[in-house]
Amino acid sequence: MGFFGSIIRGGEASAVGTLAMDTLLYRRYVRGGGDTPFLAWELSDGVDSWDGAPAPALVAKRLLERVMGREVPPRYARALNNLTHWGFGLATGAGYGLLLRTRAPKVRYGPPFGAAVWLSGYVVLPRLGVYEPIWKYDLETLEEDLRAHLVFGVVTAAGLALI
(Lines give C-alpha, C1' and ligand atoms only; values in the text may rest on other atoms or scores of the structure.)
Protein backbone atom coordinates (compact mmCIF):
# COMPACT_ATOMS: atom_id res chain seq x y z
CA MET A 1 0.00 0.00 0.00
CA GLY A 2 1.36 3.43 -0.91
CA PHE A 3 1.56 6.38 1.47
CA PHE A 4 -1.60 8.19 0.37
CA GLY A 5 -3.47 4.98 -0.38
CA SER A 6 -2.88 3.76 3.16
CA ILE A 7 -4.23 7.02 4.57
CA ILE A 8 -7.33 6.90 2.37
CA ARG A 9 -8.01 3.22 3.11
CA GLY A 10 -7.58 3.82 6.84
CA GLY A 11 -10.04 6.70 6.66
CA GLU A 12 -12.53 4.59 4.73
CA ALA A 13 -12.24 1.76 7.22
CA SER A 14 -12.66 4.09 10.18
CA ALA A 15 -15.81 5.61 8.66
CA VAL A 16 -17.37 2.17 9.02
CA GLY A 17 -15.81 1.82 12.48
CA THR A 18 -17.21 5.20 13.57
CA LEU A 19 -20.67 4.25 12.33
CA ALA A 20 -20.47 0.91 14.17
CA MET A 21 -19.48 2.68 17.38
CA ASP A 22 -22.28 5.19 16.95
CA THR A 23 -24.76 2.37 16.35
CA LEU A 24 -23.76 0.82 19.68
CA LEU A 25 -24.05 4.20 21.43
CA TYR A 26 -27.44 4.80 19.82
CA ARG A 27 -28.72 1.41 21.01
CA ARG A 28 -27.67 2.36 24.56
CA TYR A 29 -29.45 5.68 24.16
CA VAL A 30 -32.68 3.96 23.07
CA ARG A 31 -32.45 1.39 25.89
CA GLY A 32 -32.12 4.32 28.26
CA GLY A 33 -35.41 5.76 27.01
CA GLY A 34 -34.23 7.97 24.14
CA ASP A 35 -36.64 8.29 21.23
CA THR A 36 -34.88 10.51 18.70
CA PRO A 37 -34.59 8.72 15.33
CA PHE A 38 -31.07 7.48 14.50
CA LEU A 39 -30.23 9.98 11.77
CA ALA A 40 -31.35 12.96 13.87
CA TRP A 41 -29.39 11.58 16.83
CA GLU A 42 -26.32 10.93 14.67
CA LEU A 43 -26.44 14.49 13.31
CA SER A 44 -26.64 15.94 16.85
CA ASP A 45 -30.22 17.16 16.59
CA GLY A 46 -30.98 19.31 19.63
CA VAL A 47 -27.38 20.37 20.29
CA ASP A 48 -27.91 24.12 20.12
CA SER A 49 -25.86 25.41 23.04
CA TRP A 50 -22.62 24.64 24.84
CA ASP A 51 -24.51 23.57 27.97
CA GLY A 52 -24.58 19.79 27.87
CA ALA A 53 -22.89 19.68 24.47
CA PRO A 54 -21.02 16.43 23.77
CA ALA A 55 -17.24 16.23 24.19
CA PRO A 56 -16.40 16.62 20.47
CA ALA A 57 -18.24 19.95 20.33
CA LEU A 58 -16.48 21.19 23.45
CA VAL A 59 -13.06 20.16 22.14
CA ALA A 60 -13.64 22.10 18.93
CA LYS A 61 -14.93 25.09 20.89
CA ARG A 62 -11.88 25.18 23.17
CA LEU A 63 -9.42 24.81 20.31
CA LEU A 64 -11.11 27.40 18.11
CA GLU A 65 -11.33 29.88 20.96
CA ARG A 66 -7.62 29.46 21.68
CA VAL A 67 -6.73 29.97 18.03
CA MET A 68 -9.16 32.81 17.29
CA GLY A 69 -8.93 34.53 20.66
CA ARG A 70 -12.69 34.97 20.94
CA GLU A 71 -15.78 33.00 21.92
CA VAL A 72 -17.45 30.63 19.48
CA PRO A 73 -21.21 31.31 19.32
CA PRO A 74 -23.48 28.46 20.50
CA ARG A 75 -25.14 28.22 17.09
CA TYR A 76 -22.02 26.30 15.93
CA ALA A 77 -22.26 23.62 18.64
CA ARG A 78 -24.12 21.09 16.49
CA ALA A 79 -21.91 21.47 13.41
CA LEU A 80 -18.72 21.39 15.46
CA ASN A 81 -19.88 18.27 17.27
CA ASN A 82 -20.46 16.46 13.98
CA LEU A 83 -17.27 17.70 12.33
CA THR A 84 -15.07 16.91 15.30
CA HIS A 85 -16.58 13.50 16.04
CA TRP A 86 -16.38 12.30 12.45
CA GLY A 87 -13.14 14.14 11.75
CA PHE A 88 -11.40 12.52 14.70
CA GLY A 89 -12.73 9.09 13.75
CA LEU A 90 -11.49 9.47 10.18
CA ALA A 91 -8.17 10.96 11.27
CA THR A 92 -7.42 8.14 13.70
CA GLY A 93 -8.30 5.64 10.98
CA ALA A 94 -6.04 7.45 8.53
CA GLY A 95 -3.22 7.26 11.06
CA TYR A 96 -3.97 3.59 11.65
CA GLY A 97 -3.84 2.92 7.92
CA LEU A 98 -0.54 4.78 7.67
CA LEU A 99 0.87 2.85 10.62
CA LEU A 100 0.04 -0.43 8.90
CA ARG A 101 1.30 0.71 5.50
CA THR A 102 4.10 -1.85 5.51
CA ARG A 103 2.20 -4.62 7.32
CA ALA A 104 -0.73 -6.79 6.39
CA PRO A 105 -3.75 -5.43 8.30
CA LYS A 106 -5.30 -7.93 10.69
CA VAL A 107 -8.53 -7.88 12.69
CA ARG A 108 -6.57 -8.80 15.83
CA TYR A 109 -4.96 -5.35 15.73
CA GLY A 110 -8.40 -3.81 16.33
CA PRO A 111 -8.70 -4.20 20.12
CA PRO A 112 -5.33 -2.57 20.90
CA PHE A 113 -6.10 0.20 18.39
CA GLY A 114 -9.54 0.85 19.92
CA ALA A 115 -8.10 0.74 23.45
CA ALA A 116 -5.38 3.22 22.46
CA VAL A 117 -7.96 5.63 21.03
CA TRP A 118 -10.04 5.24 24.22
CA LEU A 119 -7.07 5.85 26.52
CA SER A 120 -5.87 8.84 24.51
CA GLY A 121 -9.19 10.52 25.23
CA TYR A 122 -8.60 10.20 28.97
CA VAL A 123 -5.15 11.74 28.54
CA VAL A 124 -5.99 14.63 26.19
CA LEU A 125 -9.57 15.57 27.11
CA PRO A 126 -8.91 16.35 30.80
CA ARG A 127 -6.10 18.67 29.70
CA LEU A 128 -8.63 20.52 27.52
CA GLY A 129 -11.09 20.77 30.41
CA VAL A 130 -13.63 18.54 28.66
CA TYR A 131 -13.25 15.36 30.79
CA GLU A 132 -12.37 14.75 34.39
CA PRO A 133 -9.18 12.78 35.10
CA ILE A 134 -9.73 9.07 34.50
CA TRP A 135 -9.67 8.17 38.20
CA LYS A 136 -12.76 10.30 38.83
CA TYR A 137 -14.98 8.05 36.66
CA ASP A 138 -16.70 4.94 37.95
CA LEU A 139 -15.74 1.58 36.46
CA GLU A 140 -19.09 1.14 34.68
CA THR A 141 -18.66 4.39 32.76
CA LEU A 142 -15.10 3.53 31.80
CA GLU A 143 -16.10 -0.01 30.75
CA GLU A 144 -18.98 1.22 28.57
CA ASP A 145 -16.76 3.81 26.93
CA LEU A 146 -13.99 1.24 26.40
CA ARG A 147 -16.45 -1.23 24.83
CA ALA A 148 -17.61 1.41 22.35
CA HIS A 149 -14.01 2.17 21.38
CA LEU A 150 -13.22 -1.54 21.06
CA VAL A 151 -16.09 -1.81 18.58
CA PHE A 152 -14.59 1.13 16.70
CA GLY A 153 -11.15 -0.51 16.69
CA VAL A 154 -12.29 -3.97 15.66
CA VAL A 155 -14.61 -2.78 12.89
CA THR A 156 -11.97 -0.36 11.60
CA ALA A 157 -9.35 -3.13 11.62
CA ALA A 158 -11.74 -5.54 9.89
CA GLY A 159 -12.60 -2.90 7.31
CA LEU A 160 -8.96 -2.21 6.57
CA ALA A 161 -8.22 -5.94 6.33
CA LEU A 162 -11.07 -6.32 3.82
CA ILE A 163 -10.03 -3.33 1.72
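## Buried residues of helix α6

In this predicted model, the buried residues of α6 are L142, D145, A148, H149, F152, G153, T156, A157, G159 and L160. Among the elements that cover them are α1 (3-31), α4 (77-99) and α5 (110-127).

Helix α6 itself runs over residues 139-162, which gives it 24 residues. From its first C-alpha to its last it reaches 34 Å, close to the 34 Å expected at 1.5 Å a residue. The N-terminal end of α6 is capped by D138, which places a side-chain oxygen 3.1 Å from the backbone nitrogen of E140.

T156 counts as buried because its relative accessible area is 0%, and the cut-off for a buried residue is under 20%. When neighbours within four places in sequence are left aside, T156 is in contact with A13, S14, G17, Y96 and F113.

## Helix α1

Helix α1 has 29 residues. Its reach from first C-alpha to last is 42 Å, close to the 42 Å expected at 1.5 Å a residue. Buried in α1 are S6, G10, G11, A13, S14, G17, T18, M21, D22, Y26 and R28.

Just after α1 comes G33, which takes a positive phi of about 105°.

## The largest pocket

The largest pocket holds about 1,200 Å³ of space. Its lining is made of 42 residues, and those nearest the centre of the pocket are M21, A55, P56, H85 and Y131. M21 is also one of the buried residues of α1.

Several helices take part in this lining: α1, α2 (38-42), α3 (55-68), α4, α5 and α6 each supply at least two residues. The most comes from α4, with 9 residues. By type, the lining of the largest pocket divides into 22 nonpolar, 14 polar and 6 charged residues.

## The loop between α5 and α6

P133 is placed in the loop between α5 and α6. Is P133 buried or partly exposed? With a relative accessibility of 23%, P133 counts as partly exposed, because this class lies between the cut-offs of 20% and 50%. P133 and V123 are 10 residues apart in sequence, and their C-alpha atoms are 7.8 Å apart in space.

Conventions: Residues are numbered from 1 along each chain as its sequence is written. This is a predicted model: local features need pLDDT of at least 70, side-chain atom pairs count only at pLDDT 80 or more; totals for chains, interfaces and linings use all residues. Side-chain values use heavy atoms; hydrogens and water are left out. Helices (H or I, at least four residues) and strands (E, at least two) are DSSP runs, numbered from the N terminus. The expected span of a helix is 1.5 Å times one less than its number of residues. Buried means under 20% relative accessible area, exposed over 50%, partly exposed in between (1.4 Å probe, protein chains only). Contact means heavy atoms within 4.5 Å. A polar contact is a pair of N or O atoms within 3.5 Å; within protein, one must be able to donate a hydrogen and the other to accept it, and residues adjacent in sequence count only if both atoms are side-chain atoms. On a 1 Å grid over the protein atoms alone, a cavity is a set of points where a 1.4 Å probe fits but cannot get out, and a pocket is an open set with protein on both sides within 12 Å along at least five of seven lines; lining residues have an atom within 4 Å of a point. Grid points are joined across faces, edges and corners, and a volume is the space filled by probe spheres set on the points. Ala, Val, Leu, Ile, Met, Phe, Trp, Tyr, Cys and Pro count as nonpolar, Asp, Glu, Lys and Arg as charged, and the others, Gly among them, as polar.
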